Amino acid sequence: MMRLGGKSVQNGIALGPVVVLKRQTEPVRREKVSDVEAELEAVRTAAVRAGEELWELYDKALREVGESGAAIFEAHRMVLLDEEYMGSVCDRIRGDRVNASWAVAVTGEHFAEIFAGMDDDYMKARAADVKDISNRLIRILEGDSEEDAVIREPSVIVADDLSPGETVRMDREKILGLVTVHGSINSHTAILARTMNIPALIGVPVNLEEIRTGMTAVVDGFKGEVTFEPDEETCRLAQEKREEEREKIRLLEEMKGQESVTAGGKRIRLYANIGSVSDVEDALENDAEGIGLFRSEFLYLGRESFPTEEEQFQAYRQAAQRMAGKKVIIRTLDMGADKQADYFNLGKEENPALGYRGIRICLKQPEIFRVQLRAILRAAIFGNISIMYPMITAVEEVLQICEIMKEVQEELEAEGIPYRCPEQGIMIETPAAVMISDELAQLVDFFSIGTNDLTQYTLAVDRQNEKVADFYNPHHKAILRMIEMVVENAHRHGKWVGICGELGADPELTEEFVRMGVDELSVAPAMVLQLRRKVRELEV
Ligand code: PEP
Ligand code: MG
C-alpha cells in the first residue's frame with residue numbers, strides 16, 4: 001500500500017483500476033536484433049492493435065462529432081493498411097536487422113517527407129497522418145499504456161500532467177478519478193474535472209515508473225489523498241464514504257423543481273457551465289435553469305483540424321434543443337494559453353496568458369470566427385441561444401465584433417439560410433473591462449464575470465503556474481469590489497449580469513453575491529442543487 005497527498009481539485013471518492021498515461025518522450029533508439037522474425041511478428045501484432053484502437057476512436061468520434069470528424073481515424077487506418085508503408089517497415093527490419101520501433105520511426109519520417117513535398121494540398125496533409133500512425137505503432141511496440149481515448153474499463157487515470165485536449169479526448173464514462181503530478185487548480189483541465197464531477201488530485205508526487213496500469217487505487221478528493229494497492233480497511237472506508245456521498249446527493253434531490261429564491265424573496269438564476277453537448281445531460285439531471293457558459297473551444301480541442309460549420313451547427317442545435325427553451329449561452333472560442341491545438345499554429349509565446357488568445361484570435365483571423373458565428377446563428381432558431389465573447393478589453397473590440405456579426409448576417413441572408421440573431425453579451429474577465437464596464441454595458445445585452453481570468457489578471461498571478469498558486473486568491477477584496485462595480489454599471493444601463501468563473505460556485509460568497517444583485521450564477525452542474533439549497537436558506 002502506498003499513500004500520497006496532493007491538492008484536490010474536485011471532491012469525491014474513486015476506487016478502481018489504474019491506467020498510467022505516459023507521453024512518448026524518449027527518442028526511439030536503433031538496436032541491432034538477432035531475431036528478425038520476432039520483430040516482424042511484433043510489428044504485425046502492433047498493427048492489429050492500432051487498427052482496433054482506431055476503430056474505437058472512429059466510433060467515438062462518429063457518435064460525438066459526426067462523420068467528418070471521424071474521417072481522420074479512417075485516414076489513419078488507410079495508412080496502416082497501405083502495403084507500401086507496412087512493406088517498407090518489414091523490409092527495413094529484414095534488411096537492416098533492426099528493432100521494429102526504429103524501422104517504423106524511419107519509415108514514418110521517410111513517407112511523411114514524401115507527402116510533405118507534394119504539390120497537392122490534400123496529399124501534403126497526409127504527412128501528418130503517416131506521422132500519427134507511426135507514433136501510435138511505436139507507442140504500442142514500446143509497451144506504453146493506451147494513449148488518451150483508449151481506456152478499456154472505468155479507471156483512475158494517473159499522469160504526469162494532462163492538457164485540456166488530452167482530457168477532452170478521454171471517454172468520461174471510463175474516468176473514475178484523475179491523479180496528476182503537475183497541474184494547477186485553476187487550469188482548464190481542473191475545470192473540466194469539476195464540470196464532469198470526477199474526483200481529481202493534482203501535485204501528487206507519484207513516481208510513474210513505480211505505478212503500473214492494472215494496480216488498484218483509491219482517490220479521496222476530500223482529503224486530497226491517493227492510495228495505491230490499498231488494504232481491505234482502506235477499501236472498506238472508501239466504499240462507506242462513497243455511500244455517504246451518494247446519500248447526500250439523494251438528499252439534494254428534493255431541491256429539484258424548487259425555485260432558486262431566498263427566504264426573503266430575492267431570486268437568482270442558477271445555470272450550469274458545460275464543455276460539450278454531452279454535459280447538457282448533467283445540467284438537466286441537476287435541474288440547472290440554463291447553460292450560463294458553453295466553453296465552445298472544447299469542440300476545437302483534441303482533434304486535427306477545425307470543426308466545420310456543419311459540425312458546430314449540429315452541436316449547438318442539439319444543446320439548444322435538449323435544453324428545450326432554457327437559455328444556452330455559447331461562449332465563442334477562447335483558444336490560446338493552456339488551450340492549444342496544433343492546427344491553429346499559434347506558435348510559442350513568452351507569456352501566453354497575456355498573448356494571442358480568446359477574442360484576439362477571432363478578430364485577427366475572422367475567417368475562423370465567421371464559421372462559428374454562422375453555426376451559432378443558424379442553431380439559434382432551434383432554441384434559446386445567446387452568444388458571449390471572451391477576453392474583451394476595449395470598446396473597439398465590441399464594435400469590430402458587431403461589424404463582423406453584421407456581415408455574417410448579410411451573408412446568411414443572401415444565401416437564403418435561416419438564422420436568428422441572438423442576445424449578445426461579453427465576459428468581464430480583464431481589469432480593463434471592469435473599469436470601462438459603464439461604457440461596455442451600453443453596447444451589449446449582458447455581462448458574465450469570468451473570475452478565473454479576472455483573478456489572474458488583477459493579482460498578476462498566472463493561473464497555470466503551480467509556484468504562485470498560493471497567491472491566487474479570488475476572495476481578494478479587489479476582486480469582490482470589481483464584481484460589485486460591474487453589477488452596478490450593468491444595472492444602471494438595464495443589463496443583467498452573471499458570474500461564470502469558479503468563484504460563482506463558492507457557497508461562502510453566495511450571500512454576498514445575492515446582496516450585490518448578481519442576477520445569475522453559472523457553476524459546474526454538480527454544484528447547482530447545493531447552491532439552490534444555500535440560496536433558499538438566505539434571509540436576503
Ligand atoms: C473565467 O475566466 O472565469 C472563465 C469562466 O473562463 P475560462 O475559465 O474558460 O477562462
Ligand atoms: Mg476566462
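The model is predicted, so local features are given only at pLDDT of at least 70 and side-chain atom pairs only at pLDDT 80 or more, while totals for chains, interfaces and linings use all residues. Residues are numbered from 1 along each chain as its sequence is written, chains are lettered from A and ligands numbered from 1 in the order in which they are written, and side-chain values use heavy atoms, with hydrogens and water left out.

Start at the metal. The magnesium ion is ligand 2, and its protein donors are E429 (OE) and D453 (OD), 2.0 to 2.1 Å away. The two residues come from distant parts of the chain, 24 residues apart. E429 sits in the loop between β13 (423–428) and α14 (431–435), and D453 in helix α16 (residues 451–459). A donor here is an N, O or S atom within 2.8 Å of the metal (3.2 Å for Na, K and Ca); water is not among the atoms, so sites may look incomplete. Helices (H or I, at least four residues) and strands (E, at least two) are DSSP runs, numbered from the N terminus.

The cut-offs are under 20% relative accessible area for buried and over 50% for exposed, with partly exposed in between (1.4 Å probe, protein chains only).

Now turn to ligand 1. Around it stand 16 residues, and H188, R295, R331, G450 and N452 come nearest. Near means that a heavy atom of the residue lies within 4 Å of the molecule or strand. A side-chain N or O atom of H188 is 2.7 Å from an oxygen atom of the ligand. The backbone contributes as well. A polar backbone atom of T451 is 3.1 Å from an oxygen atom of ligand 1, and a backbone N or O atom of G450 is 3.3 Å from one. Polar contacts are pairs of N or O atoms within 3.5 Å; within protein, one must be able to donate a hydrogen and the other to accept it, and residues adjacent in sequence count only if both atoms are side-chain atoms.

The search runs on a 1 Å grid over the protein atoms alone: a cavity is a set of points where a 1.4 Å probe fits but cannot get out, a pocket is an open set with protein on both sides within 12 Å along at least five of seven lines, and lining residues have an atom within 4 Å of a point. Points are joined across faces, edges and corners, and a volume is the space filled by probe spheres set on them.

The largest cavity holds about 90 Å³. Of its 16 lining residues, R295, R331, E429, N452 and D453 lie nearest the centre. Helix α16 gives the most to this lining, with three residues. Strand β10 (290–295) also supplies at least two. By class, the lining has eight charged, five polar and three nonpolar residues. Asp, Glu, Lys and Arg count as charged; Ala, Val, Leu, Ile, Met, Phe, Trp, Tyr, Cys and Pro as nonpolar; the others, Gly among them, as polar.

The second largest cavity holds about 50 Å³. Its lining includes H188, D338, R357, D453 and Q464. Five of the lining residues are charged, three polar and two nonpolar.

The second largest pocket has a volume of about 370 Å³. It is lined by 21 residues, and D161, L162, G183, T189 and Q464 lie nearest its centre. β5 (175–180), α7 (188–195) and β6 (200–202) each supply at least two residues.

E166 lies in helix α6 (residues 164–169), and a polar side-chain atom of E166 is 2.8 Å from the backbone nitrogen of S163. E309 lies in helix α10 (residues 309–322), and the side chain of E309 makes a polar contact of 2.7 Å with the side chain of R378. E166 counts as buried because its relative accessible area is 16%; E309 does so because its relative accessibility is 17%.

Finish with the backbone. N345 has a positive phi near 50° without being a glycine, and lies in the loop between β11 (327–331) and α11 (359–364). A460, also not a glycine, has a positive phi of about 55°. A460 is in the loop between α16 and α17 (477–492). N345 is exposed because its relative accessibility is 66%, and A460 is exposed because its relative accessibility is 70%.
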